[in-house]
Amino acid sequence: MAKVKKNVKVEGAIPTCSMADIAFLLLIFFIVSTVFVKERGLRVNLPRAESIDKIPRIHAVTVYVDRSGSISIDDFMVDIPMVYGVMQRKKMEDFNMIVCFRTDTDTEYGVMADIMNQMRRAEALRVSFEAKLRGR
């Protein structure tokens, strides 16, 4: 009697030799296509100053106030009553924060006084007013 051989099962395999190439191509694609967002803020006409000191941006919270009284804190539009809550949250995140004002030269004093009162309530007392150097 003749012996019948059993069929050997063929196992499927995924070739992994080009897996590293694909991973690096994906990595390069994501690095090249990533967009870094820069702070937009509001358009303000900064006042002139005699001298300027640099502030470490790692601890800075930027408050933009334009001539119409619109307020933007780190690119988020807020109203005057909301300044207290936002500053309190920022103070909890970074105890060494410095509030940097970028205000238009034509901003009304009352708006600035209201913002400063809200910051005083939130105990955000380290404040800097940004300006352009004269002649620039």
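A residue is called buried when its relative accessible area is under 20%, exposed when this area is over 50%, and partly exposed in between.

**Figure 1. Overview of the predicted protein chain.** The chain contains 3 helices and 7 strands. Read from the N terminus, these elements follow the order α-β-β-β-β-α-β-α-β-β. Of the 136 residues in the chain, 27% are buried. Among contacts with a separation of 6 or more, 73% are between residues 24 or more positions apart. The chain exposes about 11,000 Å², and carbon and sulfur atoms supply 58% of this area.

**Figure 2. Confidence along the chain.** The mean pLDDT of the protein chain is 82, and 86% of its residues reach 70 or more. Among the elements, helix 2 (residues 80-93) has the highest mean pLDDT, 91. The lowest mean, 62, belongs to strand 7 (residues 132-133). Where pLDDT is low, the predicted coordinates should not be read in detail.

**Figure 3. The aromatic pairs.** The chain has 2 aromatic pairs. Phe-101 and Phe-129 form a stacked pair, with 5.1 Å between the ring centres and 15 degrees between the planes. This pair links distant parts of the chain, since Phe-101 belongs to strand 5 (residues 98-103) and Phe-129 to strand 6 (residues 127-129), 28 residues apart. Phe-101 has a relative accessibility of 0% and therefore counts as buried. Phe-129, at 49%, is partly exposed.

**Figure 4. Charged side chains over aromatic rings.** The charged end of Lys-91 sits over the ring of Phe-95, at 4.7 Å from the ring centre. In another arrangement of this kind, Arg-121 lies over the face of Tyr-84, 4.0 Å from the centre of the ring.

**Figure 5. A salt-bridge network around Arg-67.** Side chains of opposite charge can pair when their charged atoms come close. The chain has 3 salt bridges, and a network of them links Arg-67, Asp-104 and Asp-106. Asp-104 and Arg-67 meet through their side chains at 3.6 Å, N to O. With a relative accessible area of 6%, Asp-104 is buried. Arg-67 also forms a salt bridge with Asp-106, and here the closest N and O atoms are 3.4 Å apart. Because Asp-106 lies in the loop between strand 5 and helix 3 and Arg-67 in the loop between strand 2 and strand 3, this pair ties together parts 39 residues apart in sequence. Is Asp-106 buried or partly exposed? Its relative accessible area of 47% makes Asp-106 partly exposed, because the limits for that class are 20% and 50%.

**Figure 6. The salt bridge between Asp-74 and Lys-90.** The closest N and O atoms of Asp-74 and Lys-90 are 3.0 Å apart in this salt bridge. The pair links distant parts of the chain: Asp-74 is in the loop between strand 3 and strand 4 (76-78), whereas Lys-90 is in helix 2, 16 residues apart. Asp-74 has a relative accessible area of 16% and is buried. Lys-90 has a value of 21% and is therefore partly exposed.

Note on methods:
Residues are numbered from 1 along each chain as its sequence is written. This is a predicted model: local features need pLDDT of at least 70, side-chain atom pairs count only at pLDDT 80 or more; totals for chains, interfaces and linings use all residues. Side-chain values use heavy atoms; hydrogens and water are left out. pLDDT is the predictor's confidence in each residue, from 0 to 100. Helices (H or I, at least four residues) and strands (E, at least two) are DSSP runs, numbered from the N terminus. Rings of Phe, Tyr and Trp (its six-membered ring) pair if their centres lie within 6.5 Å; planes under 30 degrees apart count as stacked, over 60 as edge-to-face and the rest as tilted. Buried means under 20% relative accessible area, exposed over 50%, partly exposed in between (1.4 Å probe, protein chains only). A charge sits over a ring if NZ of Lys or CZ of Arg is within 6 Å of the ring centre and within 35 degrees of the ring normal. A salt bridge is a side-chain nitrogen of Lys or Arg within 4 Å of a carboxyl oxygen of Asp or Glu. Contact means heavy atoms within 4.5 Å. Accessible areas come from the Shrake-Rupley method with a 1.4 Å probe; for residues, only the protein chains shown count as cover.
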